[in-house]
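I want to go through this structure piece by piece and write down what I look up.

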Amino acid sequence: MMIDTHCHLDEYSYEELKLVLEHMKDHIMIVSGVNDVTNQSVLEFCNQYSNIYGVVGIHPEEVENINQNSFILLESMLSDPKIVGIGEIGLDYHYTKENTELQKEVFIKQIELAKKYHKSVVIHSRDALQDTYDIIKQYKNDHIQFILHAYSGSVEMAKQFIKLGVKFGVGGVVTFKNAIKTKEVVEALPLEHFLLETDSPYLTPEPYRGQKNEPYNVIYVAQKIAELKHLTVNTVIQKTTENAISIFKLPIDSFGKEV
Ligand code: NI
């Protein structure tokens with residue numbers, strides 16, 4: 001059983017979604033929200049499908065589009081047992097650096113919610129790794145489990161994050177020829193620090209790069225990690241599944257049975 005720890009299901013047509021769910025019927029998905037509308041749909045997916053869990057949050061690119069109600073709505077979702085974390089939240093300085101203070105404020109506000117409700121935090125960090133690190137570090141004694149989704153930093157930086165107990169989501173990028181840093185990180189660090197993810201419908205792995213991604217393609221991520229670490233694919237799947245169950249405190253065993 002595989003766990004795609006990070007995907008978005010809002011951008012599929014009805015027909016596409018049917019196939020996506022069929023391909024994943026023996027596997028688990030953790031669906032991520034980014035704003036009020038997608039957070040609501042994450043909750044609906046969770047309620048409808050037993051193999052779907054969710055994280056809800058306000059993405060850094062959405063900070064200009066929210067209001068006080070966004071936080072009230074978000075907080076109201078956190079008592080749902082299938083909402084296993086807050087995400088994806090964080091900092092993104094790629095498109096603009098003009099609202100970095102607001103991004104930090106919204107990020108911190110949501111970390112405080114994670115602390116209050118004992119939820120994991122799934123982080124989106126783009127061109128903002130040092131600021132992300134500085135913020136996480138302030139919470140190092142608060143027992144919050146942080147996951148850096150689509151980590152693309154250096155091995156040295158990864159080791160700093162590991163000291164704070166942070167885990168890393170590895171997705172389709174690891175299969176890209178030019179993703180040298182991501183490959184180095186996977187090679188250098190033990191499997192216990194990694195989770196499989198797709199970020200579907202984005203970041204499609206080889207050999208399907210360029211097409212619309214789907215959670216089942218997490219298998220190609222597992223294959224590439226196995227190749228880089230000289231392990232069997234089964235070992236990678238089994239270990240990353242165990243990691244995901246423990247990191248997100250999923251109420252299942254590694255065969256998907258409820259515990
Ligand atoms: Ni995402």
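Before I pair any strands, I need the rule: two strands pair if DSSP finds at least two bridges between them. I also keep in mind that this is a predicted model.

**Entry 1**

I started with strand E5, residues 120-126. How many of its seven residues are buried? I found six of the seven buried, so the strand is mostly covered. For this I used the cut-off for buried, which is under 20% relative accessible area.

Next I looked at strand E4, residues 83-92. Six bridges join E4 to E5, and the two run parallel. Then I traced the chain between the two strands.

I then turned to strand E6, residues 146-149. E5 and E6 also pair in the parallel sense, over four bridges. Here Ile123 stands opposite Leu148 in E6. I checked the connection too. E5, helix H5 (residues 129-137) and E6 make a right-handed β-α-β unit.

I began with the background. Most residues other than glycine have a negative phi, and most peptide bonds are trans. Then I looked for exceptions.

Which peptide bond next to Pro201 is cis? I found that the bond from Ser200 to Pro201 is cis, with omega near 5°. Pro201 lies in the loop between strand E8 (194-196) and helix H8 (218-229). The bond from Glu206 to Pro207 is cis as well, with omega near 10°. I located Pro207 in the loop between E8 and H8.

For phi, I noted Ala150. Its phi is positive, about 50°, although Ala150 is not a glycine. I found Ala150 in the loop between E6 and helix H6 (155-163). Ala150 is partly exposed, with a relative accessible area of 29%.

I also noted His230, where phi is near 55°, again positive in a residue other than glycine. His230 is in the loop between H8 and helix H9 (233-247). Is His230 buried or exposed? I read a relative accessible area of 73%, so His230 is exposed.

**Entry 1: aromatic rings**

I searched the whole structure for aromatic pairs and got six. I looked at Tyr151 and Phe161 in detail. Their ring centres are 6.3 Å apart and their planes meet at 80°. Planes over 60 degrees apart count as edge-to-face, so I wrote this pair down as edge-to-face.

I then found a wider group. Tyr133, Tyr151, Phe161, Phe168 and Phe194 form one aromatic cluster.

**Entry 2: charges over rings**

Last, I looked for charged side chains above rings. Lys82 lies over the face of Tyr53, at 4.9 Å from the ring centre. Arg209 lies over the face of Phe176, at 3.5 Å from the ring centre.

How values were computed. Residues are numbered from 1 along each chain as its sequence is written. This is a predicted model: local features need pLDDT of at least 70, side-chain atom pairs count only at pLDDT 80 or more; totals for chains, interfaces and linings use all residues. Side-chain values use heavy atoms; hydrogens and water are left out. Buried means under 20% relative accessible area, exposed over 50%, partly exposed in between (1.4 Å probe, protein chains only). A crossover is right-handed if, with the strands pointing away from the viewer, the path from the first strand over the helix to the second runs clockwise. Rings of Phe, Tyr and Trp (its six-membered ring) pair if their centres lie within 6.5 Å; planes under 30 degrees apart count as stacked, over 60 as edge-to-face and the rest as tilted. A charge sits over a ring if NZ of Lys or CZ of Arg is within 6 Å of the ring centre and within 35 degrees of the ring normal.
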